[in-house]
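The structure is shown first, and the points follow by topic.

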Amino acid sequence: MITPTHYMLLSALLFMIGVMGVLLRRNIIVIFMSIELILNAVNINLIAFSYQLQDGIGQVFAIFVIAVAAAEAAVGLGIILAFYRNKETVNIDEMNLMRW
Amino acid sequence: MGHAIAFYLISALILGFAVLVVSTRNTVHAVLFLVLNFLAVAALYVLLTAQFLAVIQVMVYAGGIVVLYLFVVMLVNLKRPPEDHSSPQRRGWLGVGLGALVLAQLAAILVWGGVGTPADPYTMQNSDLALNNVERIGMLLYTDYLVPFELASMLLLVAMVGAIILAKREL
């Protein structure tokens, strides 16, 4: 029997894989993809509860999350391109212009 | 029973492709694994009777966002891969430890928290939300959530303008 706990464990595991990607990788494009994985984990949670409670509001919120993810990807990749044009790198260890 | 088999199969696909996305050295391969991961998540949405979300997932994520990523990966031609230049201050094991700690915490909350009784998949499949999915979602979006919906459209407009200005070589 698949309970909501199963879906939430799947969501937590996907979330943690995304967090590991953000923490361990140095290529900023891969870090952005890890953030997409994290947003997907959130969506799985929302839709699992929408299914459990038979309420459409969870799915409406998932649509908003997808809209924000699309906006984030567009702006973030624009920033990556602008940065790459100036510094010729996508390594986040070298992206320390505004650190101090 | 069929629900359980489908769940475990799709979960294995989702987690496996997610691990490949974050562990592959070649960025283009990582983007392609991301497509497969999004498609598996869309299959999970179908399993949860959220058909509209599944279609949106395939169109927006697997179709739109991933193409954007591929464009950037192709535009940014790397003469030296970023993984070869590690900062001495980086502590990878600290990231793994903190991640494992948060995962253990989440799992403990889920296992001992008691989420509720399981949903019955046989009645769920014939419920109103499953059968008239698009109608129900559309009704919610255009009545109760009209203001957030309009705000989302404004957000997308601002993001589009911002992305064009950022990517433009000179203004």
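In this predicted model, helix α1 (residues 4–24) of chain A packs against helix α2 (residues 28–53) of chain A at an angle of about 170°. Their axes lie 7 Å apart. Angles over 145 degrees count as roughly antiparallel, and α1(A) and α2(A) are therefore roughly antiparallel to each other.

**Helix packing**

- The contact of α1(A) with α2(A) is made up of 18 nonpolar and seven polar residues, with no charged ones.
- Helix α3 (residues 57–87) of chain A packs against α3(B) at an angle of about 5°, and the axes of the two helices are 10 Å apart.
- Because angles under 35 degrees count as roughly parallel, α3(A) and α3(B) are roughly parallel to each other.
- In the contact of α3(A) with α3(B) there are 21 nonpolar, two polar and one charged residues.

**Extent of the interface**

- On the side of chain B, 85 residues are in contact with 74 residues of chain A.
- The two chains bury about 7,300 Å² between them, and carbon and sulfur atoms account for 73% of it.
- Leu48(B), Tyr69(B) and Arg90(B) supply 10% of the area that chain B buries against chain A, more than any other three residues.

**Polar contacts and composition**

- Between chain B and chain A, eleven residue pairs are in polar contact, with both residues at pLDDT 80 or more.
- Several helices of chain B each supply at least two residues of the side that touches chain A, among them α1 (2–23), α2 (27–47), α3 (51–75), α4 (92–113) and α8 (146–167).
- By class, that side of chain B has 59 nonpolar, 18 polar and eight charged residues.

Conventions:
Residues numbered from 1 in each chain as written. Chains lettered and ligands numbered in written order. Predicted model: local features only at pLDDT ≥ 70, side-chain atom pairs only at ≥ 80, totals over all residues. Heavy atoms only, no water. Contact = heavy atoms within 4.5 Å. Buried area = accessible area lost by both parts, 1.4 Å probe. Polar contact = N/O pair within 3.5 Å; in protein donor to acceptor, adjacent residues only side chain to side chain. Helix = DSSP H or I, 4+ residues; strand = E, 2+ residues; numbered from the N terminus. Nonpolar A, V, L, I, M, F, W, Y, C, P; charged D, E, K, R; others polar. Axes fitted to C-alpha atoms, helices over the stretch in contact; angles between N-to-C directions. Parallel < 35°, antiparallel > 145°, perpendicular 65-115°, else oblique.
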